Amino acid sequence: AVTVVGVQKGHTVAENVERRFGAPNPDGYRKTVRLMKQAEKFGRPVVTSINTMGAYPGVGAEERGQGEAIARCLYETAGLKVPVISIFIGEGGSGGALALAAGDRVWMLENGMYAVLSPEGFASILWRDPSRSGEAAELMKLTARDLLANGVIEKVIPEPKEGLENNLKFTTDLLRKELIEELDKLCKKSTEELLKERYERFRKYGSFKE
């Protein structure tokens, strides 16, 4: 048994609007912490499925402590005594995505992305010209292959050539196989090993390749 935490976006415009296009409120991050602690209590590994442009920036979210909720999520994940695998299945933006990505292993679907902000936002800040988003994306190294090369993620999960929406089973079958194998390895580690390796994983940042 595993505990799975995911971000819902929706399939229609109405569903996307209702779910803020996958931008979680503080309540979502607090629910994540509650479920992770429950998983720890019963010895269940945690799998997070990430697809968000970032945490919701609305006034209500800020009033209810959005920053604290993200920080608490990171803090609790860092010390969780069960294995955690984080998987980017689409977008990964800013601290809203990072809150769910502090796992022992971080994987990404082939066409996913992960960055501090969108290329349009990057271009707007750096050059005051959002039309240079393509150039910004190149500089940001936000693709799965770039992130793998820089050690930010450990694995890229292939997607079908005809598109994930046309052959979901291709990728889910691969993902299932990889999860079973990796969780089997992680579950054999002692709590001390797990926490030490997780700590070292995030301490290594800062030695990226050019």
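Among the elements that cover the buried residues of helix 6 is helix 7, and that pairing is a friendly place to start our walk. Before going on, note that this is a predicted model, in which local features need pLDDT of at least 70 and side-chain atom pairs count only at pLDDT 80 or more, while totals for chains, interfaces and linings use all residues. Residues are numbered from 1 along each chain as its sequence is written, and side-chain values use heavy atoms, with hydrogens and water left out.

Buried means under 20% relative accessible area, exposed means over 50%, and partly exposed lies in between (1.4 Å probe, protein chains only). With those terms in hand, the buried residues of helix 6 are Pro 119, Gly 121 and Ala 123. Helix 7, residues 133-140, has Ser 133, Ala 136 and Met 140 as its buried residues. Viewed down the axis of helix 7, these buried residues fall within an arc of 55°, so they line one face of the helix; the arc is that of the directions from the helix axis to the C-beta atoms. They pack against helix 6 (119-127), where contact means heavy atoms within 4.5 Å. On the other side of helix 7, Glu 138 and Leu 139 are exposed.

Both helices are followed by a residue with an interesting backbone angle. After helix 6 comes Arg 128, with a positive phi near 55°; Arg 128 is found in the loop between helix 6 and helix 7, and counts as exposed at 77% relative accessibility. After helix 7 comes Lys 141, whose phi is also positive, near 55°. Elsewhere, Phe 21 has a phi near 55°, a positive value in a residue other than glycine. Phe 21 is located in the loop between helix 1 and helix 2 (26-41) and is partly exposed, at 41% relative accessibility.

Now to the strands. Two strands pair if DSSP finds at least two bridges between them. Strand 1 (residues 3-6) pairs with strand 2 in the parallel sense over four bridges, and Gly 6 stands opposite Ser 49 in strand 2. Strand 1 has a covered face made of Thr 3 and Val 5, and an uncovered one made of Val 4 and Gly 6. Strand 2 (residues 46-52) in turn is joined to strand 3 by six bridges, and the two run parallel; here Thr 52 stands opposite Gly 92 in strand 3. Strand 3 also pairs with strand 4 (residues 105-109), in the parallel sense, over four bridges, with Arg 105 in strand 4 as the bridge partner of Ile 85. Seven of the nine residues of strand 3 (residues 84-92) are buried, so this strand is largely enclosed by the rest of the structure.

A pocket is found on a 1 Å grid over the protein atoms alone, as an open set of points where a 1.4 Å probe fits, with protein on both sides within 12 Å along at least five of seven lines; a cavity is a set from which the probe cannot get out, and lining residues have an atom within 4 Å of a point. The volume of the largest pocket is about 650 Å³, taken as the space filled by probe spheres set on the points, with grid points joined across faces, edges and corners. Its lining has 24 residues, of which Val 7, Ser 49, Asn 51, Ile 89 and Leu 168 lie nearest its centre. Helix 9 gives the largest share of the lining, seven residues.

Two last stops involve single residues. Glu 76 lies in helix 4 (residues 66-78) and is buried, with a relative accessible area of 16%. Leaving aside neighbours within four places in sequence, Glu 76 is in contact with Val 33 and Lys 37. As for cysteines, a search of the whole structure finds zero disulfides, a disulfide being a pair of cysteine sulfur atoms within 2.5 Å. For Cys 73, the nearest cysteine sulfur is that of Cys 187, 20 Å away. Cys 73 is buried at 1% relative accessibility, whereas Cys 187 is partly exposed, with a relative accessible area of 44%.
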